[in-house]
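The following paragraphs lead the reader through one protein chain, beginning with a single pairing and ending with the overall form. Please keep the sequence and the structure in view while reading.

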Amino acid sequence: MNTSLIGYFARVALSFTRKNDTKFIAFTRNVLTLMTGNATCPNPTPSLPTVTDSVDGFETAVHDALNGGRIEIATRNAARSELLALMRQLAAYVQVACNADLLALLSSGFEPVRAPSPVGALPAPQNVRLSLTGVSGEILVRFDRVSNAVNYTAQTSVSVDGPWEYEDPSTSTRVLVEGLTPGAISWFRVCGNGSAGAGAWSSPISAMAV
């Protein structure tokens, strides 16, 4: 069973809903052609004749609306909404009928969902800065957002060379570090975490807790 191929998943994409009128009509007619007699989709719901009647009516309404008349434009919009509803139903039917087989899905004329491009290792967070909070033993670590980061990890150490201790991951670009020794120098660094794992660490930066 082909569940993925050349960067696509065996899921029906609903991107046809964003096509302009001309392309939507062409897309629908292609689906009707490919689904006629298609053994993978033997009993389409809604029926192909129902969709054919709808796309015929929509195409006529699009032509009539070229005169710019308010009634004609309203009729066109209503016809598009009706056809969109039918095509969404047909897409749902195809999704079940193709049984997660990408080639079967493609045979229907519907388009599959494109797999997201993998994101590589994330760069180090930039503009890392430290500030006191007014509470003894606390330092606030702030830094710029890293694109594609799911969350961030901060580390602390009593030496620039480590060993480093992990703080809890945070989805914020502001990490509050507590329990530091007042009057002692502490070192800090942060990284972003993404689909490829932990990114590069920022350069260590130090401050004295009070």
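Y152 has G192, in strand 9, as its bridge partner. Strands here are DSSP runs (E) of at least two residues and helices are runs (H or I) of at least four residues, numbered from the N terminus. This is a predicted model, in which local features need pLDDT of at least 70, side-chain atom pairs count only at pLDDT 80 or more, and totals for chains, interfaces and linings use all residues. Residues are numbered from 1 along each chain as its sequence is written, and side-chain values use heavy atoms, with hydrogens and water left out.

Strand 6 and strand 9 (residues 185-194) are antiparallel and share seven bridges; two strands pair if DSSP finds at least two bridges between them. Strand 6 is also joined to strand 7 (residues 165-166) by two bridges, again in the antiparallel sense. Here T156 has E165 of strand 7 as its bridge partner. Six of the seven residues of strand 6 (residues 151-157) are buried, that is, under 20% relative accessible area with a 1.4 Å probe, protein chains only.

Across the chain, 38% of the 210 residues count as buried. The secondary structure comprises four helices and eleven strands. The chain is more spread out than a compact globule, because its radius of gyration is 28 Å, well over the 17 Å that the globule rule gives for 210 residues. The radius is taken over C-alpha atoms, and the rule is 2.2 Å times the number of residues to the power 0.38. Along the principal axes, the C-alpha atoms fill a box of roughly 80 × 50 × 20 Å.

Key:
Buried < 20%, exposed > 50% of the residue type's maximum accessible area, 1.4 Å probe, protein only.
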